[in-house]
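The sequence and coordinates are shown first.

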Amino acid sequence: MADKSNKKEFQKVSSSPTRPPKESASTSFDVARLFEGPAAVDNSADTAASGLDDKLRQAYFWIVNNAIISPFYDIEYNEVPPTTFQIGDQKTNFTLPTAQSYSSFVLLPLLTLAVRRRCLFVGGPGRGKTASAILMGVLAGYSLTEIRRSIQHGQPEMTVTDLLGNPIPSDLMKAGSMEEVRISWRRWLGMRVKIIDEYNRIPTRTQSALLTVLADNYAEVLDQIYECPEAAWYLTANDDAGGGTYQVIEALQDRIDVVVHALHFNTRFIRDLLMRIEAGISPEKMVPESIIFTEQELDQINREIVQIPISDDLMRRIEFFASHFEFFESAAEQLEYKTKDNVKLSGLDLGHLMGEATGTDQVKDLGSQTRNGLSVRAIMTCLIFAKAITYFRGEKEVSFEDFRQMLPFVLHDKLAQYSDSPFFEQGHNSVYRVDRVGWIRALFDLSSSEFDRIGLGAEDIVGELSAEFEKGLDGLSEKETRKRLANIESAIGKMVESRKVYGHLFDDLLKLKYLHQRYTNYLIWLQWSQGK
Amino acid sequence: MNVLQDFLQERRENLNQRFRLRWLSNRSMDAEAFLASYRRLADSYLKSAQSSSASHSIALDGIYELLLQVHATRNWSEDDSGEDCASFLEECMAAFPALTSTLGFGFLGRMLNAFHSLRAEGIQPWRWLELLKRLRFLDREVSADGPQLARFYRIIAGLSWLAGMAHLRSSALAVFSELSEPEVAALFPRVNDTTSFSRWLESMQKNPWAGQEKKMPLLLGGFRGFGFPFARPPQIVMAGSEPGGGLLVFDSNRHFLVFADRFGSSIQPAKPGAEQSDPLSVVQQSVALAAIKQSMTTVPREVSGAVLWNGALVATSAESHYIWLLPGYSHA
């Protein structure tokens, strides 16, 4: 990697490998070593080892070393236990990571580019939100001019046609029907990087039009449709203090995949700013060719990311984590409807019902901390970004830490906090009312501890019964079917006896009901077919 | 039309920005000296490539980029000795003008790195360059991207073994086994046909001294205080079991792998116990001492360890930082 003295040389790209592989026991010497030296050449032509993941890392390090002064390592990885200090009255843990760690402000937009999702930058003005988005556009192969001109600036007068395009006036005059009217579509619709600046200043009506493009990848004006290509989206939002903002419609908010905080500027780096001013340096004009991605490369990266596996053990923990939040015992009589979503649909405030006695420990029950559960979309996004960071780090399988690191940024605006939960009254937990990232990480950590405490890693009766079912029903005898039904009923009996119903139990019971129903249907059919 | 002037004019803003950025981290860079070096290399390139109608901007930009990275650092040398970085690069560009045109920095950077890697091993870069020039016919044949280019780089990297980087023998032999007939003919003019060449490769795999008519004894290593690797007199630990594996030695501080063959020798840092042990044939010390006295002028007073390894006698002395190596030794 480039040493400190070279970090400021804007055209220099970190040499491969940017994340040294673990030392192998072999001491074999390869001829390619001849080309290791002071000139930073891209050695991916010489060995098959460095792939597009290394290019992604090179892009990351170029950005943090040259483009964006973001000297933060808030996405922490450790090879060995880190040195930790406790600081302040709140005894905040200050850790020095022992493995390659990253700045969320740079990494998450880059991963968004790789997986073509939607990234929202939040933070005060002048913190580099738009600059970061522009850089992503340049990395995707667009010129600075193209990107700047294609940015959609949210403002209260913005109309649908401003956003999407206008009918050609001469067509409007001559057309006999709507089909004959051609639309002059806005150029940005066809781009693979889309930037919406201050999206919370777009009026609600226009937000709906934006939603169609964001969610369904097409634009519609006067019955004419424009199909947009897959793209990475970057949206920025300022706080309300500047005025002129609108409530963002929930459906649009929900389509945001990750939320990235523009971190504060570390004043110890003001000299770097001064040097840039004095030298007239504009890093976005100096992006090295070697880290610009072609469309094919981005497609390839996307394909490779999707293939990264997640182990069964980790999947089990993820399932357990996701199961905590939706269940709400007071929401209905029938088990399937005992959900927070049901409460929301009724129009009642969840807080009023939270106090009802259910016997569950409101501090230990992680579900008590949220107003909603995880949607399918949210879960899928968590999985995709976990794979993306694994790919970025050059690893072959998603690790626990990969998932844990991505979770807070994905769920930031998706998991609505119930701040009156008794959990937040305990110890220093009140800080989580403000710190969303820390809160979601704590949720995952608590979930994993509970998972281990219950011993779900070792014994998973629902998993066993599911696996048995997955083998198929072909040739299953009536006797065997009845035996399986009895097993399911026995498992349910054990689960419900003198136990409070928590989220994970809720989903387990419903899964067992599902299995039971499938076997029951099969039995009915079997009996019918035998009786024919 | 002055190609260089046009290039500098067209890219003025970009080149200036890049120089300024680099200057921020290396204040010893002098613009005049930099420009002089740049003009020297650029003119040299344009002279070599004058017959080509291809665009020269990639090459000219590559030269600029290379100098930005190494000028005014200890990785750059430029004098009238003819044995410096600048002269070396000029020769490379003269031999491969088409590749310089199409690859620019990618090619030149590798040439510079090769220069430094060879020097770091105590090998004259010109030895490698002479071998490289034998492949100049590939200049217009290798395409700029993909597997063909990767293959070309591996072949020219493999030449470093022939230049004396003995630790790369196994890897180079694997690369050479894929050479085409014209490539074999260019690199090994005395080889009659590809069958003989394959046989020679095989024999080199088994015997690092194969085909050498006069086997010269070698004195390897030396005291670290004089720029050689060993802090204390080395002791032989064990030998690599795979072909091309080095001889593991230990100088009471660190482990090293010793490689030697008919093309040269090399000593590389190693991890302890990195190699599998095969029982070495231990030679009687008195016999070893006698053999050394017969072959060499620098002789230890006594031999503390001696083994037969890869067809050579290897001996060490408790009083010396050297390793004696007599290739082609046999007990008979």
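With which residue does A:Arg453 form a salt bridge? The partner is A:Glu450, and the closest N and O atoms are 2.8 Å apart. A salt bridge is here a side-chain nitrogen of Lys or Arg within 4 Å of a carboxyl oxygen of Asp or Glu.

This is a predicted model, in which local features need pLDDT of at least 70 and side-chain atom pairs count only at pLDDT 80 or more, while totals for chains, interfaces and linings use all residues. Residues are numbered from 1 along each chain as its sequence is written, chains are lettered from A and ligands numbered from 1 in the order in which they are written, and side-chain values use heavy atoms, with hydrogens and water left out.

**Salt bridges**

Over all chains, the count comes to 38 salt bridges. Three of them are listed below.

| Pair | Closest N to O distance |
|---|---|
| A:Arg116 and A:Asp299 | 2.3 Å |
| A:Arg453 and A:Glu450 | 2.8 Å |

A:Arg116 and A:Asp299 form a salt bridge. This pair links distant parts of the chain, 183 residues apart: A:Arg116 is in the loop between helix H2 (104-115) and strand E3 (118-122) of chain A, and A:Asp299 is in helix H10 (residues 295-306) of chain A. Helices (H or I, at least four residues) and strands (E, at least two) are DSSP runs, numbered from the N terminus. A:Arg116 is buried, with a relative accessible area of 13%, whereas A:Asp299 is partly exposed at 25%. In these terms, buried means under 20% relative accessible area, exposed over 50%, and partly exposed in between (1.4 Å probe, protein chains only).

By contrast in setting, A:Arg453 and A:Glu450 both belong to helix H16 (residues 436-454) of chain A, three residues apart, about one turn of the helix. A:Arg453 is exposed, its relative accessible area being 56%.

B:Glu90 is buried at 19% relative accessibility, and B:Arg40 is partly exposed at 24%. Elsewhere, B:Arg11, B:Arg18, B:Asp61 and B:Glu65 are joined into one network by salt bridges that share partners.

**Helix H9 of chain A**

Within helix H9 (residues 270-279) of chain A, the residues A:Asp272, A:Met275, A:Arg276 and A:Ala279 are buried. Viewed down the axis of H9(A), the buried residues fall within an arc of 100 degrees and therefore line one face of the helix; the arc is that of the directions from the helix axis to the C-beta atoms. A:Ile277 and A:Glu278, on the other side of H9(A), are exposed. Just after H9(A), A:Gly280 adopts a positive phi of about 65 degrees.

Chain B contains 13 helices and nine strands, and 52% of its 332 residues are buried. Strand E7 (residues 305-309) of chain B has four of its five residues buried, so the strand is largely enclosed by the rest of the structure. Five bridges join E7(B) to strand E8 (residues 312-316) of chain B, and the two run antiparallel; strands pair if DSSP finds at least two bridges between them. B:Ala306 has B:Ala315 in E8(B) as its bridge partner. The hairpin of E7(B) and E8(B) has two residues between the strands, and B:Asn310 takes a positive phi near 50 degrees there.
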